[in-house]
Each structure stands twice: as C-alpha cells, then as structure tokens.
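Here is a short briefing on the salt bridges of one protein model. Take a look at the sequence and structure first.

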Amino acid sequence: MSVRMPSNFGRSGAQESALDLLGHEILGEKAAALGRAGRRVDETLAKLRENDGDDGEHRARLLKDVAEAVHSYFIQRELCGLRKHDAVIREYNIPKAVLARLGAK
C-alpha cells in the first residue's frame with residue numbers, strides 16, 4: 001500500500017510560481033550584470049591597447065583600470081557559478097601585467 005503526503009504539507013501552487021518568477025528575475029539580473037562587466041573589460045582593454053607604447057603613470061593607471069574590470073568580471077562569473085577563468089583569460093587575451101596585479105600566476 002502506498003501512502004501520499006497530504007497536499008497541505010507542501011507549498012501551494014501560488015507560492016511555488018512566485019518563487020519561480022523571482023528565481024527567473026534573479027537569473028536575468030545576474031546575466032545582465034555579467035554582460036555589463038564583460039563590456040567594461042572590453043572597453044578598458046581597448047584603451048590599454050590603444051596606449052600600448054605609453055609608459056609611466058598613465059599606463060599604470062590603465063593597468064589598474066583593466067585589473068579592476070577583470071576582477072569585477074571574475075567575481076560576477078563566480079556568482080553565476082562559473083569558476084574556471086582560464087578560457088576567459090585566453091579569449092580576452094588579458095596581458096600578464098594585468099594578471100600580476102590580480103595575484104594570478
């Protein structure tokens with residue numbers, strides 16, 4: 001003989017669908033934030049590459065900006081459940097000077 005749990009012990013349909021909608025909204029916001037962070041990496045890397053011949057304080061500032069953008073992007077990727085960044089480093093062709101500022105080897 002099988003026994004079914006009474007329906008009043010589970011979540012109601014309205015509660016379940018509200019949680020599904022909230023979860024869907026959260027996933028959308030995570031994806032949008034990841035996209036914004038990726039665009040910021042693109043923009044800061046482009047500025048760094050435009051000023052490739054520069055040395056000194058201006059280049060140091062650009063390296064810092066790129067490092068902050070990459071760090072933010074990595075954090076957002078991790079919040080989305082993406083833990084391995086090796087492919088991203090190759091895809092964006094992130095300079096070793098930037099990775100050194102992040103403490104990467």
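This is a predicted model: local features need pLDDT of at least 70, side-chain atom pairs count only at pLDDT 80 or more; totals for chains, interfaces and linings use all residues.

**Salt bridges in brief**

Arg40 has a relative accessibility of 34%, so Arg40 counts as partly exposed.

- Arg40 and Glu68 form a salt bridge through their side chains, at 4.0 Å from N to O.
- Arg40 sits in helix α1 (residues 13-50) and Glu68 in helix α2 (residues 57-79), so this pair ties together parts 28 residues apart in sequence.
- Glu68 is partly exposed, because its relative accessible area is 34%.

**Within helix α2: Glu68 and Lys64**
- Glu68 also meets Lys64 in a salt bridge, with 3.8 Å from N to O.
- Both residues lie in helix α2, four residues apart, about one turn of the helix.
- Lys64 has 38% relative accessibility and so counts as partly exposed.

**Within helix α2: Arg61 and Asp65**
- Asp65 forms a salt bridge with Arg61, and their closest N and O atoms are 3.2 Å apart.
- Asp65 and Arg61 are four residues apart in helix α2, so about one helical turn separates them.
- Arg61 counts as partly exposed, because its relative accessibility is 45%.

How values were computed: Residues are numbered from 1 along each chain as its sequence is written. Side-chain values use heavy atoms; hydrogens and water are left out. Helices (H or I, at least four residues) and strands (E, at least two) are DSSP runs, numbered from the N terminus. Buried means under 20% relative accessible area, exposed over 50%, partly exposed in between (1.4 Å probe, protein chains only).
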